[in-house]
Amino acid sequence: MTHNEAWHFARLGRLLERADMTSRILDVKHKLLSADPASVGSLHDELAWGALLRSASALEMYRKRHGQIMPSQVVSFLLFDQKFPRSVRYCLRKGERSLHAITGRPLGTSGSSAEDKLESVAKRVDRTDVGDVLSRGLHTWLDELQGECSAVGAKIHDSFFAVRQDV
């Protein structure tokens, strides 16, 4: 497909959904995995975190980069890795590029509420590390992130697809 406006809209939608779904998979699995504190560090725990990585198509790349499965590294990998195509950070930054390609504005410039919102969410993720997330509470942080991703989608809808009624 030609990398025109339609391609960038499809890519933007795919990336935003991927960021949202990665955060949801992590949120649900983390809740299930942390329900039994006695299993932390056990073989079952490692298998469960491996299954989480597998469900995000991340196990092989995680193993190549980090080796042993450690929960905080899994969280960091799925949220903040700059090279893993399913990490939240990667998806938001690539989504930003597609949105700017659609509007024709260079990265770092603003012209629409959608660009502003996506940039603010991406910057928030860039400024955060796994320690901040875990000390704040993973579920709380992910819930806010999911709300912000939803708000980005609403801004994109308002900017490009909403029917405007001239009064």
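Entry on cysteines. I looked for disulfides, taken as pairs of cysteine sulfur atoms within 2.5 Å, and the structure holds zero of them. Cys91 takes part in no disulfide, its nearest cysteine sulfur being that of Cys149 at 9.1 Å. I then looked up burial, where buried means under 20% relative accessible area, exposed over 50% and partly exposed in between, with a 1.4 Å probe and protein chains only. Cys91 is buried with a relative accessible area of 0%, and Cys149 is buried too, at 6%.

Entry on provenance. I noted that this is a predicted model, in which local features need pLDDT of at least 70 and side-chain atom pairs count only at pLDDT 80 or more, while totals for chains, interfaces and linings use all residues. Residues are numbered from 1 along each chain as its sequence is written, and side-chain values use heavy atoms, with hydrogens and water left out.

Entry on the overall build. I counted secondary structure as DSSP runs numbered from the N terminus (helices H or I of at least four residues, strands E of at least two), and the protein has eight helices and zero strands. The C-alpha trace spans about 65 × 35 × 25 Å along its principal axes, and 39% of the 167 residues count as buried. With contact meaning heavy atoms within 4.5 Å, I read that residues 24 or more positions apart account for 56% of the contacts with a separation of 6 or more.

Entry on Thr128. I placed Thr128 in the loop between α6 (113-126) and α7 (130-136), and it counts as buried because its relative accessibility is 13%. Its side chain reaches the backbone oxygen of Arg124 at 2.6 Å. Setting aside neighbours within four places in sequence, I found Thr128 in contact with Phe80, Arg89, Val133 and Trp141.

Entry on Ser112. Which loop holds Ser112? I found Ser112 in the loop between α5 (88-103) and α6, and at 13% relative accessibility Ser112 counts as buried. Beyond its neighbours within four places in sequence, Ser112 is in contact with Arg105 and Ser159. I also looked up the pair Ser112 and Ala56, which are 56 residues apart in sequence and 32 Å apart in space, C-alpha to C-alpha.

How values were computed: Polar contact = N/O pair within 3.5 Å; in protein donor to acceptor, adjacent residues only side chain to side chain.
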